[in-house]
Amino acid sequence: MPGLTTASIKDAESRGKTVVSHDLTFGPEGAGVYANDAAALGVAMALGEVPESALSDSVVRRNGPLLIVAMTSSGGEKRHGEVVLFGNSSSSHSS
């Protein structure tokens, strides 16, 4: 998932938009964690773990009950989402 950069923040604000954070780190209120959490919630929605109606900007990093099983990565160098899916199956013959 794309992360915020100084340039993308300036671009958004020049269009009258707001951004979730000006902190470009992965600290507790950093843009990186917001991007990762938003992506994880997207995974949860796609897997049917969380209904779309439960999602909004206000639940990202704020709604503990929407915890899901997903690993995400964000960064300013990313321009589109990529998905790699791993799954377990009781019928798998691997060890």
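How many helices and strands does the secondary structure of the protein chain come to? The count is 2 helices and 0 strands. Helices here are DSSP runs (H or I, at least four residues), strands are E runs of at least two, and both are numbered from the N terminus.

This is a predicted model, in which local features need pLDDT of at least 70 and side-chain atom pairs count only at pLDDT 80 or more, while totals for chains, interfaces and linings use all residues. Residues are numbered from 1 along each chain as its sequence is written, and side-chain values use heavy atoms, with hydrogens and water left out.

Start with the whole chain. Of its 95 residues, 24% count as buried. Buried means under 20% relative accessible area, exposed means over 50%, and partly exposed lies in between (1.4 Å probe, protein chains only). The accessible surface comes to about 7000 Å². Carbon and sulfur atoms hold 56% of that surface. These areas come from the Shrake-Rupley method with a 1.4 Å probe; for residues, only the protein chains shown count as cover.

Now turn to helix α2. It covers residues 31-46, 16 residues in all. From first C-alpha to last it reaches 23 Å, close to the 22 Å expected at 1.5 Å a residue. That expected span is 1.5 Å times one less than the number of residues. Among the buried residues of α2 are Ala31, Val33, Tyr34, Leu41 and Ala44. Just after the helix, Gly48 takes a positive phi of about 80 degrees.

The largest nonpolar core has 5 residues: Val33, Tyr34, Leu41, Val59 and Val60. Such a core is a set of buried Ala, Val, Leu, Ile, Met, Phe, Trp, Tyr and Cys residues joined through side-chain atoms within 4.5 Å. In soluble globular proteins, nonpolar side chains tend to be buried together. Look at Val60. Leaving aside neighbours within four places in sequence, Val60 is in contact (heavy atoms within 4.5 Å) with Tyr34, Asp37, Ala38 and Leu41.

Ser58 lies in the segment after α2. Ser58 is exposed, at 54% relative accessible area. Its side chain joins that of Ser56 in a polar contact of 2.8 Å. A polar contact is a pair of N or O atoms within 3.5 Å; within protein, one must be able to donate a hydrogen and the other to accept it, and residues adjacent in sequence count only if both atoms are side-chain atoms.

The whole structure has 1 salt bridge (a side-chain nitrogen of Lys or Arg within 4 Å of a carboxyl oxygen of Asp or Glu). Arg15 and Asp11 meet in a salt bridge at 3.1 Å, N to O. Arg15 is exposed at 52% relative accessibility, and Asp11 is partly exposed at 39%.
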